[in-house]
Amino acid sequence: KMAAILDNPQDFNTIWIADINNHRAGSIAVTQKPDNTAFINFLLVKPEFRGRGLARHLLNTVITHTRNHHLKVLRLETYNCLTAARSLYAKTGFKLYKTNPSVKKFSRTLDQEFWETVLTSG
């Protein structure tokens, strides 16, 4: 996915890399889609840096960036097994809008989920 972001440069498309004590701790990327929509391509925090609020900080950075570009909807993809991530998304205002049950991915059968939040200005 990172190559696709780099191959399609726009003013909006961005990757942030979080640094803690000179160590890459996490990252997030967002791309613009049609119809005033943005999509979070990935949100990753290395295990040794989890539990410090870094994922929330990265997510809030993308929400602010999306608002600043006057896009109205922010979406993401996740899986039902990622309970901590799903909890963060819900606490940040995202709502589940589509589920593809029993998707075979990562040598497992998972429910693929798509979440979105409708952004207001400010």
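Biologist: What makes strand 4 and strand 6 count as a pair?

Modeller: In this predicted model, 7 bridges join strand 4 to strand 6 (residues 108–118). Pairing takes at least two bridges, so these strands pair. They run antiparallel. Glu 77 has Phe 114 in strand 6 as its bridge partner.

Biologist: How do you know that strand 5 and strand 6 pair?

Modeller: Set the count against the cut-off again. There are 8 bridges between strand 5 and strand 6, and at least two are needed, so they pair too. Their directions are antiparallel. Asn 100 stands opposite Gln 112 in strand 6.

Biologist: What do strand 5 and strand 6 form, with how many residues between them?

Modeller: They form a hairpin, with 2 residues between them. Phe 106 sits in the turn and has a positive phi of about 60°.

Biologist: And how many bridges join strand 2 to strand 3?

Modeller: 8 bridges join strand 2 (residues 23–33) to strand 3 (residues 37–45). These strands also run antiparallel. Thr 37 in strand 3 is the bridge partner of Lys 33.

Biologist: What is the order of the 6 strands in the sheet?

Modeller: The order is 1-2-3-4-6-5. The sheet is open, and its pairing is mixed.

Biologist: Why are strand 1 and strand 5 called edge strands?

Modeller: Strand 1 (14–20) and strand 5 (95–105) each pair on one side only. On average, neighbouring strands of the sheet are turned by 20° against each other, direction ignored.

Biologist: Which strands does helix 2 lie across?

Modeller: Helix 2 lies across strand 1, strand 2, strand 3 and strand 4. Its angle to strand 2 is about 30°.

Biologist: Where is confidence lowest, and where is it highest?

Modeller: Helix 1 (residues 2–7) is lowest, at a mean pLDDT of 51. Strand 4 (residues 73–79) is highest, at 97. The protein's mean is 91, and 90% of its residues reach 70 or more. Where pLDDT is low, the predicted coordinates should not be read in detail.

How values were computed: Residues are numbered from 1 along each chain as its sequence is written. This is a predicted model: local features need pLDDT of at least 70, side-chain atom pairs count only at pLDDT 80 or more; totals for chains, interfaces and linings use all residues. Side-chain values use heavy atoms; hydrogens and water are left out. pLDDT is the predictor's confidence in each residue, from 0 to 100. Helices (H or I, at least four residues) and strands (E, at least two) are DSSP runs, numbered from the N terminus. Axes are lines fitted to C-alpha atoms, for helices over the stretch in contact, and angles run from 0 to 180 degrees between N-to-C directions. Contact means heavy atoms within 4.5 Å.
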